[in-house]
Each structure stands twice: as C-alpha cells, then as structure tokens.
Amino acid sequence: MCKPEMPPRRSELWERNMGKTAAVEKFKGAIMPRSRMKMWMIRATTTVLLWTCLVQLTALRELWGPRVFEAWPSCFTPSDPVGIFESSSIVARKIVLPPKRIYKNNGYLIVSCNGGLNQMRAAICDMAAIARYLNVTLIVPELDKTSFWNDPSEFEDIFDVDHFITSLRDEVRILKELPPRLKLRVELGLYYSMPPISWSDLSYYKNQILPLIQKHKILHLNRTDARLANNGLPAKIQKLRCRVNYSALRFTPQIEELGRRVISLLQRNGPFLVLHLRYEMDMLAFSGCTHGCTDDEVNELTRMRYAYPWWKEKIINSSLKRKDGLCPLTPEETALVLKALDIDGSTTIYIAAGEIYGGSRRMAALNAAIRMWLVRKETLLEPSDLRFFQNHSSQMAALDYLVSLESDIFVPTYDGNMAKVVEGHRRYLGYRKTFLLDRKLLVELIDRYNNGSMDWNEFSTSVKATHANRTGKPGRRSLVPDHPKEEDYFYANPEECLPSLQTAQ
C-alpha cells in the first residue's frame with residue numbers, strides 16, 4: 001500500500017520560504033548594481049551633452065549677439081540717413097554665416113603690414129588671397145605702428161574684426177591669434193620671417209613660400225605692400241581680392257557712424273566734391289616736391305627726408321620732377337584746375353587730407369580762387385566727436401575714405417594709395433565720377449597761363465578737353481610685360497570685378 005503524502009510541517013514551510021526569500025534577495029542584489037550603473041551612465045551622458053550645448057550657445061552668443069543687437073534701432077541714437085552704408089543700416093537683418101571651408105591646413109601665416117591705411121588695406125586683400133591659395137590659416141594682420149604717422153591703432157580699432165573673420169569663413173580660415181602652443185613657439189623665436197618679393201605671381205608663392213610654411217609651420221611676412229601681381233592671376237583670386245576689399249573690410253561701427261554724420265551734413269547743402277589735396281609735409285619731404293615753398297620750408301623738408309633712412313631717394317630735382325608730372329598739385333595749381341573744369345559754384349568742397357603744409361598761406365589762394373564753401377571734418381564736427389581719433393591718423397583717414405566714396409565728384413591731386421584705392425572702389429560702386437588729373441600736361445598748361453602765353457579761355461578749354469574721358473569710366477587695365485610698376489594698379493581698376501564694359505555707363 002502506498003502511504004499517503006504527509007503535509008509539510010510548519011518548520012519545513014518556514015525554511016522553504018526563507019530559502020526563496022534569500023534567493024530573491026540574492027537576485028535583487030545582483031540586479032541593483034547594474035541598474036544603478038546604467039542610471040549613472042545615463043545621467044553622466046546627459047550632463048555632458050547639456051554642458052556641450054551650453055558652451056556652444058555661449059560661443060554663438062558672443063559671435064552673433066553684438067551683431068543682432070547692432071541691427072536694432074537705439075532709442076538714444078539718431079536715425080540712419082537714407083541710402084548711405086547699407087552694411088550699417090538700422091533695419092534688422094537676418095545673419096547668415098557662410099559655411100566653413102573644409103581643407104587640410106598647411107600652416108599659419110602671420111603678416112605685418114606697412115605704410116598708410118590704404119597701402120595696408122590693399123596688402124590685407126593680397127594676403128587673404130594668398131592664404132586661400134596656399135591653404136593656410138591667416139592670423140589677423142598686424143598694422144604698421146612705426147611709420148611716419150606713428151599710429152598705435154590695431155586692426156580691430158579700424159576694421160570690424162569679427163565681420164572680417166566670419167564673412168570669409170567659406171574661403172579662408174582666419175584667427176585672431178595663434179593657438180597657445182604655436183604662440184609659445186613664436187615667443188621663443190621658433191618661426192621663419194621674411195619680406196616676400198614684390199609684384200609676384202602665384203607660382204612664386206606655390207614654389208617658394210609654401211615649402212617654407214610646410215617646413216616651419218609658421219611663416220611671418222614682415223612687409224606686405226604690393227606683393228601680388230596686378231595681372232595674370234586666375235579670375236577667382238582676383239575676385240577674392242575684391243570680396244575682401246569691398247565686403248569683408250568693413251570699418252568699425254564707430255567710424256561708420258561718424259562717417260554717416262559727415263555725409264549727412266554735406267548732403268544737406270546739395271552736391272559735394274571731395275578734394276584729396278595730398279599736400280602734406282610727409283608727402284613733400286618724401287617726393288622732394290617744393291614748388292611754391294619758401295627757402296626755410298625747402299630746408300625743413302630736406303632735413304626730414306634725410307632723417308628717414310627707408311626713404312632711399314635723397315637728392316631730388318624738384319623742378320624736373322614737377323615737369324614730369326610726378327609731384328602733387330599745389331593748392332594754387334589745384335584752384336586753377338577746379339575753376340577751369342567749371343565746378344558748380346554751389347558745390348561744397350570737402351578737403352580730405354591731413355594738415356596742409358604752409359597752412360593758411362597756401363590755402364588762401366584756393367579759397368580766393370574758387371569762392372566755394374571749403375570744409376573739413378574738423379570744421380563739420382565738434383572737437384568731442386574727434387577726441388578718440390586724435391593721434392590716430394589711420395582712423396582719421398578712414399573717415400575721409402568713407403566721405404570720398406559717397407561724394408558726387410572725387411578729385412585727387414596725386415595718385416597715391418588713397419587716390420588709387422578710392423578710385424577703384426568708386427568704379428566698383430557704379431563708376432562714380434572721379435577726375436584722374438593728367439599732372440604732366442596740367443603743369444605745362446598752368447605755366448603757360450601764368451607766364452601769359454595762354455589766355456584763360458584757351459587754358460580752360462584745354463583742361464576740360466584733356467579730362468573729358470578721364471573721369472573713372474570703364475576701361476581696360478594696362479599690361480606692361482616685365483614692368484609691373486608701370487601697369488595700372490589692380491585696386492585702381494579691378495576690372496575682373498566690375499560691371500561689363502559694354503553695359504556700364
């Protein structure tokens with residue numbers, strides 16, 4: 001017989017239940033560390049992602065924030081004059097950054113510009129184009145502080161540095177300064193420095209400059225004036241030079257705001273003419289042009305020329321140089337030319353220049369001859385407006401540059417860097433009227449008129465006939481093989497970037 005199964009005793013039930021409980025606790029003990037570890041990983045990952053987003057947003061705020069707020073009108077600033085400086089309009093505009101250009105970085109290019117504002121401006125355009133061609137990172141250029149003007153201004157004191165960097169990010173990688181480890185190398189002198197050869201084409205930079213950058217990682221070009229050829233470059237390089245000059249190089253908001261105020265004041269009185277009267281002490285000393293100067297002034301200019309060792313030409317025949325058309329017109333000569341061109345008597349004349357050598361004595365003839373309203377930035381603005389620009393010649397020149405662009409007529413009395421760069425910019429803006437004076441012929445005509453061998457009507461007719469087609473109209477840039485200095489300057493006539501010669505008026 002089978003024995004009936006006996007029910008478990010209470011003690012056995014208790015032991016069995018305790019065993020199950022122990023097993024469950026053991027299972028829980030095994031699972032809990034894994035769950036806690038998973039939760040910790042999720043929280044850590046989330047924290048890292050949130051922190052990364054916060055850092056990115058902060059960076060974007062620093063980059064875009066000032067631009068966004070600048071676009072909104074201020075309750076405390078006057079409204080923007082209509083039609084002037086679209087780039088600085090108070091109308092809010094959406095900021096669209098171009099995509100970054102992806103390329104293998106071959107190294108870093110440091111440049112030290114030399115000369116005045118417009119010489120440096122052209123050099124910056126050249127260096128940006130060279131950096132693009134060589135696939136290197138460009139460090140924001142250093143401006144000249146040791147020239148005659150002794151201007152301590154940094155790049156960001158004159159140009160909008162953030163706009164310069166971001167507007168070119170699809171072409172050139174530009175940094176405000178070297179990365180820390182490379183900056184230390186420069187401080188230790190572990191880099192290569194040299195002046196590049198003037199008027200070079202791209203083969204020079206590819207075959208001689210690029211290998212130096214790849215070898216040393218950092219290359220410093222210590223003189224940058226006229227280092228890229230006028231002609232014979234690919235159209236994309238020429239257009240990049242224009243893009244840098246006419247779009248990326250924007251003056252600071254403070255300079256542009258003051259420029260708008262000057263232009264607004266001038267336009268209230270109708271059309272205005274900007275006269276770039278390049279009759280300042282440094283120009284006369286450098287060129288050796290002393291026509292109309294006293295003996296004491298001639299001696300002073302000569303001493304100054306010998307005081308600057310980098311001005312190589314010391315003994316100069318002023319009379320011969322003037323007859324060759326290589327001297328700036330004097331204030332007296334300029335007065336005759338403006339009168340002969342029949343400039344409307346209601347036209348305001350803005351003098352874009354520094355202190356005229358000889359002061360009121362030399363300006364008296366100009367005032368008496370043309371009988372027009374002669375003004376300067378110093379007479380249109382209050383001293384407090386220009387307080388922060390004093391002893392900063394490049395910032396003062398930037399103001400004159402802006403006013404020159406917007407003038408109804410621009411008349412330079414010498415073909416220096418400002419005259420050439422403004423001429424090209426006015427061509428770019430639609431071939432605005434610019435009288436390109438034939439100084440060699442003018443000096444001959446003026447001397448004939450002054451010695452009585454030519455009457456006024458004949459003189460005036462000859463001046464007008466000579467300059468009928470010298471007003472900044474469309475024209476081909478000259479090419480002189482093996483003599484680049486004798487060619488038309490690229491920045492005076494950036495032909496590749498201008499409206500069609502057939503359609504331009």
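Cys113 is buried, with a relative accessibility of 4% (buried means under 20% relative accessible area, exposed over 50%, partly exposed in between, with a 1.4 Å probe and protein chains only). Cys293 also counts as buried, at 14%. This is a predicted model, in which local features need pLDDT of at least 70, side-chain atom pairs count only at pLDDT 80 or more, and totals for chains, interfaces and linings use all residues. Residues are numbered from 1 along each chain as its sequence is written, and side-chain values use heavy atoms, leaving out hydrogens and water.

The structure has 2 disulfides, a disulfide being a pair of cysteine sulfur atoms within 2.5 Å.

| Pair | S-S distance | S-S torsion |
|---|---|---|
| Cys242 and Cys497 | 2.0 Å | about 85°, right-handed |
| Cys289 and Cys327 | 2.0 Å | -85°, left-handed |

Cys242 sits in helix α7 and Cys497 in the segment after α18 (456–466), so their bond ties together parts that are 255 residues apart in sequence. Helices (H or I, at least four residues) and strands (E, at least two) are DSSP runs, numbered from the N terminus. Both Cys242 and Cys497 are buried, and Cys289 and Cys327 are buried as well. In sequence order, the bonded cysteines pair 1-4, 2-3. Cys113 is in no disulfide; its nearest cysteine sulfur, that of Cys125, is 9.8 Å away.

Now for the backbone. Most residues other than glycine have a negative phi. Ala226, however, has a positive phi near 50°, and lies in the loop between β5 (218–221) and α7 (235–248). Asp342 has a positive phi of about 60° and is exposed, at 52% relative accessible area.
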